[in-house]
Amino acid sequence: MAKRVYLFNEGSKDDRQLLGGKGANLCEMTNLGLPVPFGFIVTTPTCNDFFDQGKNLPDGLMDECRNALKIVEDKMGAQFGNPDNPLLFSVRSGAPISMPGMMNTILNLGLNDEIAEGMAKKTNNPRFAYDSYRRFIQMFADVVLEVDNDKFEEALDSYKESKGYKFDVDMQADDWKALVKTYKTLVDFPTDPFVQLELAIKAVFESWFTPRAGVYREMNRIPDTLGTAVNIQSMVFGNFGDDSGSGVCFTRNPSNGDNIFYGEFLTNAAGEDVVAGTRTPEPIENMKTTMPQMYEELYAIQDKLEKHYRDMQDMEFTIQESRLYILQTRSGKRTGRAAVKTAVDMVAEGLIDEKEALMRVEPGHIDAFLHPMIDPNATRDVIAKGLPASPGGATGHIVYSADEAVEVAETGKSVILVRRETTPEDIHGMKVAAGILTELGGMTSHAAVVARGMGVCAITGCDEIKLDYAAGTMKAGGKTYKRGDVITLDGSTGEVMEGDIPKVEASGSEDFQTLLGWADKYRRLKIRANAETPEDAGKARELGAEGIGLCRTEHMFFDSSRIDVIRSMILSETKEERQTHLDKLFEFQKEDMKALFKTMEGFEVTIRLLDPPLHEFLPHNDDEISALSGRIGMSADKIKEQVTSLHEFNPMLGFRGCRLAVVYPEITRMQAQAIITAAIELQEEGLNVIPEIMIPLVVTVREIRMIAKNIDESIKEVLQKKGVSITYRIGTMIETPRASLTAHRIAPEVEFMSFGTNDLTQMTFGFSRDDIGKFLPDYLGHKILDVDPFVSVDPYGVGRLVKMTIEDSSQKKAGLKFGICGEHGGDPHSIQFFHDAGLNYVSCSPFRVPVARVAAAQANLRSTN
């Protein structure tokens, strides 16, 4: 039988999969000789066994726990369940991948009436003993017995009101003792410490599948199969008196990455007081004055841990009667800017190399350099100021609950989630919020840590606002704000402002450019952009794009000065009439191509021939048809007749893509000649232009042969007329399963293939991208699908078609280039797949280019390690 219980001196940091991240680090710190309260760990495989056995603990597990308890008792010099010398435990979760606040914790486990009385005598501190006891009853009832926590809060508030107390610290020993009696009337509470332990272990395992944990895993793509460990650790107490306290600290600033010891603490407070945000803590540097020796010890330990792990650490500590204990350490959650700065700085400091620095930065962190910030020159109507917990600027409509945030966000409105403090139960609302504002809490509160991890603007500890949930109002700056009112947050300064404040694009940094330079050094995939306008192409090139992977020519015709020309072309009744309008479109197309080629000079520009169904260009209601009739001189009835004739029941599979080129070869002729004429004119100016013409939505090689011949003949006509030569390429989009299955026949006819994974996914799954939202949540909830296949490429179905296409085509034509221009081109998980599959490039929207550069480098490093 596999070992299921490990003492803290039996593991190491390399045992994350077995012991969870928290447990592995507790073992590592114990091995380093740091002051860690001793304990033991129940392994992650045991969690899976628990669920496999119908939520029952495996036989013999509690016997293993009892054996471990005896060793812990000897180490700590106290006994679990002994009133004369009591040993209490914290029982915490700990997954292989950090999930802060997403699962359950029980503190002070092992208390009952007799032991609480014994602890009061032993410590000569009855106030502390009964405060600890009431905390335990409340937490155990909430987490293990699922009793509504509000009952206990209401009982506490009612008692304080009856005594005229304002704060918890006003409560004395007899007050806590009286409250314990009240609490025990609210819950059927087990008094046997060993029963408490068994129930607590079960509760932690069960918390693996709480809704908030599920949402967090879905957001971060953490497999359900990992399971959580259970960490049973001897309790130490920060609420013992003024020579005690608790805190959270980081070895560097998690908001901006500055190499400065950073954190917060509370005197005479338990650890949950700091994390929960129910009191606003003090900056860690204040410990230099209030607890100078403790500060020196803590500083030395944080320095040692960062150098040992070679990464920024997030630590929890407790001081009990002037003795320091480290309760946990983990790699600290950080903002995008902090992640980049920390990675670059650590290379300069010799802690890590460039490759490791690249792997430390999540591609999503790059967004921090690309999102809007508050315009520094804008007029600000500041109504309150709190702590700048997570940087950036955000504007939205006020909502006061997580459920309301989801409801309003689904209407398309941006929301600011305003709460007294957030809890893990709010994760679904925090996920959709543009910004988060809390009245209480510090820089390491739940709201701050989660917002930074998600890259969401947040302000915490804003005690200048006063919330009334029942009335649905927030008072700030002498005014009252209701649900739906618009406010702006500046997460970099902590300022809360009335109204929508102007924003500017986020600026880069020297560290940002350094990291992108390393990404370019270590990646194999080329990165192109999807763009049609010189502005988008210019932004893409500025952000590092190496060409255009998809220019959707139809986007060039929707301009108000051009739309009637293409409408007239579509409505033409004769080929001659159609050609007249195509001649006008030729000039538009040529000038657009010149601008695009000029911006991307020296790089390939892939232009997709006209793709959407023609009816998309035409008006559909009577007023629009009547107006068009007046502008182009065609009767409204004639226009209606044409609109009706072009109507399709399933446009996605209808008269579009290369089918247009087959039925209307003159359209393709116009586009090909406009593209090549633009290229020639720029070549004559001395520019290096590389046009690639892409045929969309093919299903058979015969389409390719027919259309490619038309393209070649049209281009040769221009070249002969001008007496010049120019290099161009003809390729195709692979968007249909049949194109993939017959790629070996298509390959000899083209020079490149680009996967249009949007349509390839639709046709492979039989899912409409526009309608999948009606059933996708259920598919994800029931684990029928792991992720939205339109966000990350499906490796088993769509991915298999991609690999088959590459393998079959490469055998038929050496040197064929492969790319991808669907939305998946900017998704880091998909980029890993495309790298492994052997593509030459990915193409994505301009603002995803830096993300793709980093993801491509990481993909290459993973494949070569």
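Me: Which helix gives the negative patch its largest share?

Reply: Helix H6, residues 149–163, supplies five residues of the patch. A helix here is a DSSP run of H or I with at least four residues, a strand is a run of E with at least two, and both are numbered from the N terminus. The model is a predicted one, in which local features need pLDDT of at least 70 and side-chain atom pairs count only at pLDDT 80 or more, while totals for chains, interfaces and linings use all residues. Residues are numbered from 1 along each chain as its sequence is written, and side-chain values use heavy atoms, with hydrogens and water left out.

Me: What makes the surface patch negative, and which residues form it?

Reply: Its members are Asp142, Glu146, Asp148, Asp150, Glu153, Glu154, Asp157, Glu161 and Glu206. Asp and Glu count as negative, Lys and Arg as positive, and His and the chain ends are not counted. A patch takes residues with over 30% relative accessible area and no salt bridge, joining like charges within 9 Å and nonpolar side chains (Val, Leu, Ile, Met, Phe, Trp, Tyr) within 5 Å.

Me: Is aspartate 150 buried, exposed or partly exposed, and how do you know?

Reply: Aspartate 150, in helix H6, has a relative accessible area of 45%. Buried means under 20%, exposed over 50%, and partly exposed in between (1.4 Å probe, protein chains only). The 45% falls in between, so aspartate 150 is partly exposed.

Me: Which residues make the nonpolar surface patch?

Reply: Val662, Val663 and Met706 make this patch of about 230 Å². Valine 662 sits in helix H24, residues 658–663.

Me: What makes aspartate 131 and arginine 134 a salt bridge?

Reply: A salt bridge is a side-chain nitrogen of Lys or Arg within 4 Å of a carboxyl oxygen of Asp or Glu. The closest N and O atoms of aspartate 131 and arginine 134 are 2.9 Å apart, so the pair qualifies. Both residues lie in helix H5 (residues 126–143), three residues apart, about one turn of the helix. By the same rule the count comes to 57 salt bridges.

Me: How do you know that the side chains of arginine 853 and aspartate 520 meet in a salt bridge?

Reply: The N to O distance is 2.7 Å, so it is within 4 Å. This pair links distant parts of the chain, 333 residues apart: arginine 853 is in helix H33 (residues 849–864) and aspartate 520 in helix H18 (residues 510–522). Arginine 853 is buried at 7%, whereas aspartate 520 is partly exposed at 31%.

Me: What N to O distance do aspartate 611 and arginine 608 have in their salt bridge?

Reply: The distance is 3.8 Å, which is within 4 Å, so the pair counts. Aspartate 611 and arginine 608 are both buried. Elsewhere, salt bridges that share partners join Arg310, Asp311, Arg334, Glu356 and Arg360 into one network.

Terms used:
Accessible areas come from the Shrake-Rupley method with a 1.4 Å probe; for residues, only the protein chains shown count as cover. The place of a charge is taken as NZ of Lys, CZ of Arg, CG of Asp or CD of Glu.
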